Amino acid sequence: MKCPGHKKKEKRNYKCENEHYGSRPDQVARRGERNRARKKAEEEGLVHKGDGNDVHHIQPGDLRKSPVVVISASVNRAMSAPDNLKKMRKRVSKKLSRKE
């Protein structure tokens with residue numbers, strides 16, 4: 001079901017979008033995987049609530065098998081921009097090589 005507000009002149013209905021997208025079974029499972037990874041990193045002392053860091057999954061797809069690294073939220077969220085993707089992946093890979 002499409003939510004109203006998808007035309008340029010209409011305001012987006014975020015509540016409707018979240019109700020329909022976030023409640024899908026596949027998205028519930030993915031959110032659970034992300035939460036598990038974050039909780040594990042908190043238990044290991046790598047991240048803390050409100051520290052401005054994200055737990056980044058290196059390989060998209062199956063989140064259970066994907067290795068994770070802690071990076072700043074601003075860097076992790078900038079990766080979604082196609083121009084920044086290669087640059088950000090190099091930064092993350094450098095961080096991983098330093099830890100090993």
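**Briefing: fold and salt bridges of a predicted chain**

Of the 100 residues of the chain, 24% count as buried (under 20% relative accessible area, with exposed over 50% and partly exposed in between, for a 1.4 Å probe and protein chains only). The model is predicted, so local features need pLDDT of at least 70 and side-chain atom pairs count only at pLDDT 80 or more, while totals for chains, interfaces and linings use all residues. Residues are numbered from 1 along each chain as its sequence is written, and side-chain values use heavy atoms, leaving out hydrogens and water.

**Architecture**
- The chain contains 4 helices and 2 strands (DSSP runs of H or I, at least four residues, and of E, at least two, numbered from the N terminus).
- Along the sequence the order of elements is α-α-β-β-α-α.

**Contacts and surface**
- Among contacts (heavy atoms within 4.5 Å) with a separation of 6 or more, 18% link residues 24 or more positions apart.
- The accessible surface is about 8200 Å², and carbon and sulfur atoms contribute 52% of that area (Shrake-Rupley method, 1.4 Å probe).

**Salt bridges**
- The chain has 4 salt bridges (a side-chain nitrogen of Lys or Arg within 4 Å of a carboxyl oxygen of Asp or Glu).
- One of them joins R36 to E33 at 2.7 Å between the closest N and O atoms; the two residues are 3 apart in helix α2 (residues 25-43), about one helical turn.
- In this pair R36 is partly exposed at 48% relative accessibility, whereas E33 is buried at 15%.
- Helix α2 also holds R38 and E42, 4 residues apart, and their salt bridge has its closest N and O atoms 3.4 Å apart.
- D26 and R24 form a salt bridge at 3.1 Å, N to O; D26 is partly exposed at 38%, and R24 is partly exposed at 35%.
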